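Thanks, everyone. Let me put the model up, and then we'll go through helices, rings, charges and cores.

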Amino acid sequence: MEIKVSVILISYNVSQYIRECMESIVNQTLKEIEILCVDAFSTDGTREVLQEYMQKDSRIRLLDDTKKSCGYSYNLGIRQARGKYVGFLETDDYVRPDMFERLYDLAEKNRLDYAKANHIPFINVDGKYRCYEEERIFAWNETLYNQVISPFYYPEIIGPDHCMWNGIYRADFLRQNRIRLNETQGPSYQDHGFQWQTICSAKRVMYIDEGLYFYRKDNEAASMKKASGLVKDFYEYMFIKEYLLKRGDITREHWWAYFGKMVWSVHTWCSNLLVGGRTLPKEAYEMLSEYIKEFQEGLAKGYISPVKLGFDLYWEVLTLIKSKEIYLLNMYEKVHGILDYQDRIIEWCKQGEKVIIAGAGNCGKRFYSLMKRMGMDNVCAFADNNPVLSGKSLFGKEILSVEKACEEYPDAFVVIANHDHYMDLLRQLRENGIPERNIRYYRITGMEF
């Protein structure tokens, strides 16, 4: 059998998720694949599940990660791959049944170095439902979809296209360009370096505006949940920096993207870590000094400026350079101000016997997920003016027109979860008899999950 795509899965103690992941890959519509499972000697039953699938499906091979390094595991898989293309799948995630067929056909038809799609982050909501929210790579410039481009000349791609597992890569392209992942210990964001190498080396790529990969955001054991992430991320940035300096053809715009991504990483890590208190763990706090040195270099060379970062992030960089303590205090106040905002609207909702969420889009889904996370169960319906949604359900709750929701639940508290049409919805609710005291507005905070 000609192997069209080699799919590399790496695992360590993911028994809770491994079956869903494996079912999604063995049932792909593209049958001419090989499945390379690289396991770091799992102790929770994951390895036994892989062996069970291997006995039933001859396309599966089980390899050993003897270094407990995600980078080593992926590099091993790439070396062992026999397919024309290589794809990746994290073992707490899953993929759409036609993902590899769609991307393979696209790559073959257009002679691509790689083909990629959007991905869909999700979380479980109260054990029965899932909250899905597609992340569109080119929401800011849709013209980049469905056309062959040379990504080196689009360094701004590196921000929104931040993962390696939403695509397939021509194996010869990876080998000819000596693209490899950094073999640091554990999960250490080694996909960042892979992204830079592929974007800087590829000549022909294409992105499609479809969500094919489902990315789990509520795995408490994931690397994004650990305090060591800020430290590991720094070393991956140094790996990337060494690569960029060796190339000799990197432009100012690439360095803007490099430093911009680093600034955003520090912002994100500190925001996450400060949820639990005013200080960072010691290793993370000490690593801020190394980031400061990089930011000072970026400022001196003109690669960090408000032109690309925006004034809020630029101000954060200047504050961090001036004082780690002031920076962390400001970040703590910002994070807990957002949490306080969420707590206040949740407390208000508790006063109502029934709650209507006006908006069945991403904001409405996020707010419902937040309510469930806070232990609330008094949402009676969603209200939305989109006629396509009317009569359907979301998380088991009926989606009604705004007029019908007001008619059926005249005493309900209503949370407007639609930023773009807030005033229109407010007027509509008033016209349909909902008193002002029973209406609140919710805006996405980014901290619902």
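Start with Tyr169. This residue is buried, with a relative accessible area of 0%. Buried here means under 20% relative accessible area, exposed means over 50%, and partly exposed is in between, with a 1.4 Å probe and protein chains only. Phe194 is also at 0% relative accessibility and counts as buried.

Two housekeeping sentences. This is a predicted model, where local features need pLDDT of at least 70, side-chain atom pairs count only at pLDDT 80 or more, and totals for chains, interfaces and linings use all residues. Residues are numbered from 1 along each chain as its sequence is written, and side-chain values use heavy atoms, with hydrogens and water left out.

Now, rings. Rings of Phe, Tyr and Trp (its six-membered ring) pair if their centres lie within 6.5 Å; planes under 30 degrees apart are stacked, over 60 edge-to-face, and the rest tilted. How many aromatic pairs does this rule give? The count comes to 36.

Take a stacked example. Tyr94 and Phe214 have ring centres 4.6 Å apart and planes at 10 degrees, so they count as stacked. That pair links distant parts of the chain: Tyr94 sits in strand β5 (residues 94-95), Phe214 in strand β9 (residues 205-216), 120 residues apart. Helices (H or I, at least four residues) and strands (E, at least two) are DSSP runs, numbered from the N terminus. Tyr94 is buried at 12% relative accessibility. Phe214 is buried too, at 13%.

Back to Tyr169 for the other geometry. Its ring centre is 5.0 Å from that of Phe194, with the planes at 85 degrees, so this pair is edge-to-face. Tyr169 belongs to strand β8 (residues 167-170) and Phe194 to helix α6, so parts 25 residues apart in sequence are tied together. Ring pairs link Tyr74, Phe88, Tyr114, Phe138, Trp140, Tyr145, Tyr169, Phe194 and Tyr207.

Some rings also carry a charge. A charge sits over a ring if NZ of Lys or CZ of Arg is within 6 Å of the ring centre and within 35 degrees of the ring normal. The charged end of Lys56 sits over the ring of Tyr53, 4.9 Å from its centre. Lys116 does this over Tyr114, at 5.7 Å from the ring centre.

Next, helix α3. Is α3, residues 70-80, mostly covered or mostly open? Mostly covered: eight of its 11 residues are buried. Among them are Tyr72, Tyr74 and Ile78. What do the buried residues of α3 pack against? The partners are β1 (5-11), β2 (33-39), β3 (60-64), β4 (85-90), α5 (171-176) and α6 (190-201). Contact means heavy atoms within 4.5 Å. At the start of the helix, a side-chain oxygen of Ser69 comes within 3.3 Å of the backbone nitrogen of Gly71.

On to salt bridges. The rule is a side-chain nitrogen of Lys or Arg within 4 Å of a carboxyl oxygen of Asp or Glu. That gives 37 salt bridges.

Lys67 bridges to Glu183, the closest N and O atoms being 3.6 Å apart. Lys67 is in the loop between β3 and α3, Glu183 in the loop between α5 and α6, so the bridge ties together parts 116 residues apart in sequence. Lys67 is partly exposed at 41%. Glu183 is partly exposed at 27%.

Lys372 and Asp126 meet at 3.4 Å, N to O. Lys372 is in helix α13 (residues 362-373), Asp126 in the loop between β6 (114-125) and β7 (129-132), 246 residues apart.

Lys246 is exposed at 64%. Glu242 is partly exposed at 43%. Elsewhere, salt bridges with shared partners join Arg96, Asp98, Arg102 and Glu210 into one network.

Last, the cores. A nonpolar core is a set of buried Ala, Val, Leu, Ile, Met, Phe, Trp, Tyr and Cys residues joined through side-chain atoms within 4.5 Å. The largest has 107 residues, of which Met22, Ile25 and Phe88 touch the most other members. Helix α8 (residues 252-273) supplies the largest share of this core, 10 residues. A second, separate core has 25 residues, including Ile123, Cys349, Met371 and Phe413.

Over to you for discussion.

Note on methods. Polar contact = N/O pair within 3.5 Å; in protein donor to acceptor, adjacent residues only side chain to side chain.
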